[in-house]
Amino acid sequence: MLSFNTRKQLYVILLSSFVFLNTTGEGLSVLDVLTGVFYIGSLSLWFFRAKFIYKKSIVKNFGDMLILIFFTLVAIFWIPLSIVSGAELLNVLREFLMFSLILLYFPFRDEFRTRDDLNELLVVTAVSIIAVTSFSLFLSYKNLTSAEFVHEIASGRRGSQFLGGVSIIFSAILFYLHPSKLAKTLIISVLFLSLVALIISLSRIYWFSTIVGFGMATVFLPSSQKYKIYITTFAVFASIILSVVLYFGQSSELILGYFQKRFTSTQSYKKDISLMARVQEYEAVWEHIKRFPLGGSGMSKEYSYYNLITQTNWQSSFVHNGYISFVYRFGFPMALMFYLFLIYYFWKSVSLAIWNGDNYSKALSACVAASFGLVFITSLLTTSVMFRDFYIYFPLLITVLSISENLKKNATQN
């Protein structure tokens with residue numbers, strides 16, 4: 001009964017992420033409350049059952065121990081610290097509960113262990129991703145079709161960029177590894193929609209990190225598979241360009257020209273106003289860090305700086321750098337603990353991708369390693385680990401890695 005209920009709850013979480021990822025406005029909406037109660041309730045219930053009813057061993061490795069210690073310390077010390085430092089209680093609790101959703105990897109990993117489990121999970125995940133990206137593209141549709149000036153293109157919707165990058169890496173690699181027509185149809189749909197959504201996001205750091213991650217994943221694969229994967233990905237990308245030209249007509253030149261300018265603008269980074277604005281942001285945050293290097297300033301604690309883009313004084317609790325953000329919130333020791341957790345699983349995925357005789361397990365591990373690489377790169381210019389799509393889909397990376405490890409063990413035994 002536990003297994004059935006847990007799996008059903010996890011599937012509901014994945015399928016309802018379509019709603020959860022699109023209720024990101026200021027304040028708490030009714031949908032925020034409903035999804036939050038269900039997600040946190042399901043997670044808490046699993047931990048209670050696993051620990052006190054079924055007496056399961058929750059901690060499997062060093063990474064698990066690190067992340068549980070991290071969240072325990074944050075709950076005991078940093079929630080009160082944040083409130084004392086002046087942050088609003090509701091905002092602090094919201095940030096903590098949202099962030100704690102990455103612990104969903106514990107029930108996911110416990111529930112999905114075999115190749116059949118993985119296939120079932122991938123189908124549900126594909127449906128979930130298609131729903132999320134389709135809705136995101138729908139919201140961007142009018143901005144592009146009505147664009148008459150270059151600056152109007154920049155108003156396109158940005159969201160689920162982590163999901164988009166990871167989806168591209170996995171779908172491009174797994175397309176040739178799943179023989180069934182249904183699987184290939186779902187995978188190519190995910191690849192196409194994720195590519196479009198990521199391009200429209202205009203996020204250059206995610207463009208770059210996805211390309212690097214994709215290249216990194218293919219390094220571990222046989223040469224015969226690499227060429228097929230490159231050809232398929234290029235064909236999908238070319239079909240997107242062709243679709244833009246055919247569908248948007250006269251506006252296509254404006255749209256494609258802007259995307260090209262956006263991509264090539266990274267070469268003149270010293271004149272990039274958005275990058276300069278982030279440097280000023282880092283300097284302002286660093287002043288706070290110097291005052292509280294060990295304990296941090298707390299969660300949801302706002303800081304101010306002069307924003308070059310808006311030409312106004314800006315107040316925010318979000319930092320466009322994952323490493324600086326964690327030090328600002330929790331201090332150096334806690335930030336190191338969290339990123340050691342990520343590094344542990346990254347190294348584990350790289351090791352499995354290298355020392356793995358099972359081709360399918362090897363490919364899965366390579367995709368996971370590339371996804372972690374994406375996180376490390378994007379954290380240089382944004383805090384990827386504090387976005388909603390990371391909370392929901394990051395647990396799947398560790399789950400896939402765990403299944404990959406099981407597949408390797410089974411192949412070795414046989």
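**View 1. Helices H3 and H14 pack at an angle of about 45 degrees.** In this predicted model, helix H3 covers residues 62-84, and its axis lies 12 Å from the axis of H14. Angles under 35 degrees count as roughly parallel, and 65 to 115 as roughly perpendicular. H3 and H14 are therefore oblique to each other. From H3 come Phe70, Val74 and Trp78. They meet Phe326, Arg329 and Phe330 in H14. By class, five of these residues are nonpolar, one is charged and none is polar. Helix H14 spans residues 322-330 and has the highest mean pLDDT among the elements of the chain, 98.

**View 2. Helix H10 meets helix H16.** H10 runs over residues 204-219 and H16 over residues 359-378. Their axes come within 8 Å. They cross at roughly 150 degrees. That makes H10 roughly antiparallel to H16. The crossing of these two helices is right-handed. On the H10 side, the contact residues include Ile205, Phe208, Val212 and Met216. On the H16 side, they include Ala366, Cys367, Leu374 and Ile377. Sorted by class, the contact of H10 with H16 holds twelve nonpolar and four polar residues, with no charged ones.

**View 3. Helix H8 also has a contact with H10.** H8 is made of residues 161-174. The axes of H8 and H10 come within 10 Å and cross at roughly 25 degrees. H8 and H10 are therefore roughly parallel to each other. This crossing, too, is right-handed. Look along H8 for Gln161, Phe162, Gly165, Ile168, Ile169, Ala172 and Ile173. Their partners in H10 are Tyr206, Thr210, Gly213, Phe214, Ala217 and Thr218. The class count for H8 with H10 is eight nonpolar, five polar and no charged residues. Tyr206, Thr210, Gly213 and Ala217 of H10 also take part in the contact with H16.

**View 4. A salt bridge joins Glu111 and Arg7.** The two side chains meet at 3.1 Å, N to O. Glu111 lies in helix H5 (residues 105-111), and Arg7 lies in helix H1 (residues 2-20), so the pair ties together parts that are 104 residues apart in sequence. The count of salt bridges in the model comes to nine.

**View 5. Confidence is under 50 over residues 147-153.** Helix H7, residues 150-153, has the lowest mean pLDDT among the elements of the chain, at 46. The chain itself averages a pLDDT of 87. Of its residues, 85% score at least 70.

Terms used:
Residues numbered from 1 in each chain as written. Predicted model: local features only at pLDDT ≥ 70, side-chain atom pairs only at ≥ 80, totals over all residues. Heavy atoms only, no water. pLDDT = per-residue confidence, 0-100. Helix = DSSP H or I, 4+ residues; strand = E, 2+ residues; numbered from the N terminus. Contact = heavy atoms within 4.5 Å. Axes fitted to C-alpha atoms, helices over the stretch in contact; angles between N-to-C directions. Parallel < 35°, antiparallel > 145°, perpendicular 65-115°, else oblique. Left-handed = near helix turned anticlockwise from the far one by under 90°. Nonpolar A, V, L, I, M, F, W, Y, C, P; charged D, E, K, R; others polar. Salt bridge = Lys/Arg side-chain N within 4 Å of Asp/Glu carboxyl O.
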